[in-house]
Amino acid sequence: MAEESREALLKKVYYENCPGCKVEQRKELQRGLPIKMIVAVWLVVLSAALPISSLFPFLYFMIRDLHIAKREEDIGYYAGYVGASFMIGRVLTSIFWGVVADRYGRKPVIIIGIAAVVIFNTLFGLSVNFWMAISTRFLLGCLNGLLGPIKAYASEAFREEHQALGMSTVSVAWGIGLIIGPALGGFLAQPADKYPNIFSQNSIFGRFPYFLPCLCISVFAFGVCIASFWLPETLHKHNGNTRLQDDSFEALETASYGSFANEGKQKTEEQIPKENLFKNWPLMSAIIVYCVYSLHDMAYTEIFSLWAVSPRKLGGLSLSTENVGEVLAISGFGLFVFQITLYPFVERILGPVMIARIGGIITIPLLSSYPFIAMLSGFSLYLMLNIASVLKNVLSITIVTGMFILQNKAVDQRQRGAANGISMTAMSLFKAIGPAAGGALFSWAQTRLDAAILPGSQMIFFILNVVEAIAVLMTFKPFLTLRHE
């Protein structure tokens with residue numbers, strides 16, 4: 001009983017001028033949902049996610065207009081370089097930004113990452129040649145390293161009972177950004193051709209037909225960047241600081257617990273050696289499972305767009321880019337509704353591991369239904385496609401959120417930035433493989449439309465299901481372990 005009282009007292013020890021302690025004090029006084037913090041995290045993540053995939057609907061035409069490809073068949077080859085350049089940049093710097101976030105704070109990394117979006121996403125829209133396009137995307141990937149730190153930030157800024165909501169805010173905002181980004185790119189690219197009554201061919205939007213979607217995203221990111229200066233820092237900095245409690249607390253603690261309390265004070269957080277994260281199997285197993293799910297999701301994202309716009313004779317849906325944008329926008333809205341209404345309750349009941357398992361299991365029959373959805377037409381096609389897309393994206397975000405929670409619970413606060421940096425590096429590698437593998441798989445499947453076993457798109461979704469099944473199996477012991485088990 002005395003030990004429990006001592007722990008309760010020690011939890012109320014705060015330090016002057018420590019931003020993390022100030023956040024902890026606010027959390028102690030907090031009642032109800034932290035709406036302002038949810039909105040802040042949501043906007044930060046959304047501003048970082050929007051430019052990642054906004055180029056995909058118009059990248060083919062952009063490469064064509066830059067005249068780098070000598071043949072039309074080579075356009076996809078150069079488009080792949082531009083698409084991969086962002087992920088390559090992120091692979092090279094994710095661990096660095098995680099270490100910076102652990103040393104200097106989450107807030108500086110967040111601000112730098114959003115500022116990079118404002119600068120380099122705008123320059124990408126103004127690209128006049130291939131090398132400018134690939135360079136701006138690479139630099140954007142190098143400097144936009146905030147996803148790892150913002151995950152650590154969300155795990156620290158919310159009370160324990162709201163932590164699932166905080167982590168789902170990150171994952172859902174990220175997912176919505178990756179869905180709304182292509183929708184914006186599809187609707188706003190080449191505005192002088194699509195909306196000649198509003199945009200003249202002689203205007204800047206006529207001379208740079210892919211600038212408008214980049215500009216809109218950059219303007220949004222600029223507003224978020226300015227607002228981020230008012231974000232509270234969550235990293236604890238106790239070096240040279242003094243406690244906020246007065247001498248009466250010190251006397252009470254010493255009188256109650258004697259030399260045992262003094263010994264506890266001698267070993268501060270800064271004196272505790274940091275563990276080797278690569279030997280932390282609960283962390284590394286969660287990262288590996290997360291990477292496999294990420295590979296599946298990126299391959300699915302690539303394949304879904306190709307499948308939706310490909311002709312019926314090749315097993316596709318023959319949709320326009322505007323139709324695909326509408327489907328993705330509806331999916332984004334569905335994700336938002338799910339995040340603010342259902343996910344926290346589901347996570348509280350089932351836990352992150354069980355959510356990932358159930359989500360992966362449901363995904364398998366869902367993807368198996370896609371070739372049969374392609375047989376529909378008219379309103380029934382549009383209805384079923386939207387239902388399937390919303391459900392698939394909700395399941396993906398549910399799984400990713402569960403993996404976020406496991407990763408952050410596997411390490412102490414002082415190493416969360418570095419841990420999320422490792423996670424981002426590994427995930428970026430897998431996400432760089434996903435689109436290339438998905439495109440190659442799609443092209444190969446279209447050459448076997450008359451095969452006796454799994455013809456055409458059936459083979460595509462079968463292989464996606466195999467990857468998903470592997471990820472589900474990896475969520476069981478002995479592969480996936482939890483920190484305190």
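Helices here are DSSP runs of H or I with at least four residues, numbered from the N terminus. The model is predicted.

**Stop 1: Ser-294**

Select Ser-294, which is found in helix H14. With a relative accessibility of 2%, Ser-294 counts as buried, the cut-off being under 20%. Ser-294 and Phe-430 lie 136 residues apart along the chain, yet 6.7 Å separates their C-alpha atoms. Then show Met-427 and Lys-431: Ser-294 is in contact with both, once its neighbours within four places in sequence are left aside.

**Stop 2: helix H17**

Now select residues 352–368, which form helix H17. The 17 residues of H17 should span 24 Å at 1.5 Å a residue, and the 25 Å between its end C-alpha atoms agrees with this.

Colour the buried residues of H17: Pro-352, Val-353, Ile-355, Ala-356, Arg-357, Gly-359, Gly-360, Thr-363, Leu-366 and Leu-367. To see what these buried residues pack against, display helix H14 (281–309), helix H16 (343–350), helix H18 (370–373), H19 and helix H21 (457–473). H14 is also the helix that holds Ser-294 from the previous stop.

**Stop 3**

Two packed helices are described by the angle between their axes and the distance between the axes.

For the contact, show Pro-352, Val-353, Ile-355, Ala-356, Gly-359, Gly-360, Ile-362, Thr-363, Leu-366 and Leu-367 on the H17 side. On the H19 side, show Ala-388, Leu-391, Lys-392, Leu-395, Thr-398, Ile-399, Gly-402, Met-403, Ile-405 and Leu-406. Sorted by class, the contact of H17 with H19 has 14 nonpolar residues, five polar and one charged.

**Stop 4: H6 against H8**

Move to helix H6 (residues 106–125) and helix H8 (residues 147–157), whose axes come within 9 Å and cross at roughly 135°. H6 and H8 are therefore oblique to each other. The crossing of H6 and H8 is left-handed.

Show the side chains in this contact: Arg-106, Val-109 and Ile-110 from H6, with Pro-149, Ile-150, Ala-152, Tyr-153 and Glu-156 from H8. By class, the contact of H6 with H8 has six nonpolar residues, no polar ones and two charged.

Definitions and conventions
Residues numbered from 1 in each chain as written. Predicted model: local features only at pLDDT ≥ 70, side-chain atom pairs only at ≥ 80, totals over all residues. Heavy atoms only, no water. Axes fitted to C-alpha atoms, helices over the stretch in contact; angles between N-to-C directions. Helix = DSSP H or I, 4+ residues; strand = E, 2+ residues; numbered from the N terminus. Contact = heavy atoms within 4.5 Å. Nonpolar A, V, L, I, M, F, W, Y, C, P; charged D, E, K, R; others polar. Parallel < 35°, antiparallel > 145°, perpendicular 65-115°, else oblique. Left-handed = near helix turned anticlockwise from the far one by under 90°. Expected span 1.5 Å × (residues − 1). Buried < 20%, exposed > 50% of the residue type's maximum accessible area, 1.4 Å probe, protein only.
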